[in-house]
Amino acid sequence: MMNNDNKHKRTNDTDSDLKLRFYLEQCLPHDIGTDDIKLMTHRKIAARRWRTRLLRGAAAAVAACLIIVVGMTWPRPADNSTVLATHTKRIEKHSAPAQKYAIFSVPTGEIKTLLLADGTKIIANSRTVIRYPQGKATGCREAYVEGEAYFDVAHDSKHPFTVHGNGFTLTVLGTKFNVNSYKGRTADVALVEGSVELRTRNKDAIRMKPNDMVSIKGGSVSEMRRGEAADAALWTNGFMQLDGQLLGNVLAKLEDHYGISIFCQPRLESLKLYGKLDLSGNCQDALKAITFLSDTHYSMRGCKVDIYQ
């Protein structure tokens, strides 16, 4: 029996092949044809092996797909550039367009009137520059002033009007006031009608009433007084109300109005002047009137003036 087994055993036969061969050769009668049985049996075995390989391949494919899907959908931390780009796009989408401003400037020695879209009237003195919002539909009512201007603000309780000057801001609903805010000078605000809230760069806050006059220097309130606020706006009619003003202060206003440079002997700057000064003429006309009222003299070379006794 052992010799017979060794005779038919092949090195590449599996256990299933050996069992099948033993059954066919040892357990069946020799006159039964076994070729068909062998063929059918091998076909079943091959089919079983093919199904096993197919199932394993399908399982591997499903597992690979799951890994890919999980890798694509698993939340990953975005780098800084991605976060910044997303945030920037959101800001650009929701940010309002930038407000555009117009510039209104007055030539030397002239007075000009500006009427804003909301009905506010601004009379601007010589060498004054005003920056204000263009167009109507913004709800933004404001003006930036460098120089001197008289405001007659149209009333609008829902949209306060804001004036930005040299070191201060005025907020009003509807009123009349004068602002003197030439660059490098002490700024002055005189309230003619209504009520305004004044805030300085250094956090001073004042609620002004009619005939209140406030001076601002270096971003802080330097003086508060009561008087005829309308006199501060006489220049809109071509006059300057002197009414005890110091010569030095009057000369500074002439410098701003005519664009000239005036040197005055220090001892003369404290002289008080009274009356009205006509500004409708040229600078020489004004200088003649000033020297007559102060009993002084002047000399002029180009745009430079000397006041002396």
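Colleague: Is A149 buried or exposed?

Modeller: Buried means under 20% relative accessible area, exposed over 50%, and partly exposed in between, using a 1.4 Å probe and protein chains only. A149 has 0% relative accessibility, so it counts as buried. By contrast, C140 counts as partly exposed because its value is 28%.

Colleague: What kind of model is this?

Modeller: It is a predicted model, where local features need pLDDT of at least 70 and side-chain atom pairs count only at pLDDT 80 or more, while totals for chains, interfaces and linings use all residues. Residues are numbered from 1 along each chain as its sequence is written, and side-chain values use heavy atoms, with hydrogens and water left out.

Colleague: Where does A149 sit, and which residues does it contact?

Modeller: Helices (H or I, at least four residues) and strands (E, at least two) are DSSP runs, numbered from the N terminus. A149 belongs to strand β5, residues 142–152. Contact means heavy atoms within 4.5 Å. Setting aside neighbours within four places in sequence, the contacts of A149 are I122, I123, A124, I130, F177, N178, V179 and W235. K112 lies 37 residues from A149 in sequence, with 9.5 Å between their C-alpha atoms.

Colleague: Which residues does T120 touch, and where is T120 found?

Modeller: T120 is in the loop that joins β2 (112–115) to β3 (121–124). T120 is buried, at a relative accessible area of 0%. Beyond residues up to four places away in sequence, T120 touches L114, L115, R141, D152, V153, A154 and F161.

Colleague: How should I read the span of a helix, and what does α6 show?

Modeller: The expected span is 1.5 Å times one less than the number of residues. Helix α6 (residues 283–294) has 12 residues and reaches 16 Å from first C-alpha to last, close to the 16 Å expected. For α5, also with 12 residues, the end C-alpha atoms are 16 Å apart, which agrees with the 16 Å it should span.

Colleague: Which residues of α6 are buried, and what do they pack against?

Modeller: An α-helix has 3.6 residues a turn, so residues three or four places apart point the same way. In α6 the buried residues are C283, A286, L287, I290, T291 and S294. They cover an arc of only 130 degrees around the axis (taken from the directions from the helix axis to the C-beta atoms), which puts them on the same side of α6. The partners of these buried residues include α5 (247–258), β19 (297–301) and β20 (304–308).

Colleague: How many residues of α5 are buried?

Modeller: Nine of the 12 are buried, so α5 is mostly covered. Among them are L247, V250, L251 and Y258.

Colleague: What is found at the helix ends?

Modeller: A polar contact is a pair of N or O atoms within 3.5 Å; within protein, one must be able to donate a hydrogen and the other to accept it, and residues adjacent in sequence count only if both atoms are side-chain atoms. N282 caps the N-terminal end of α6, with a side-chain oxygen 3.1 Å from the backbone nitrogen of Q284. After α6 comes D295, with a positive phi near 55 degrees. After α5 comes G259, with a positive phi near 70 degrees.
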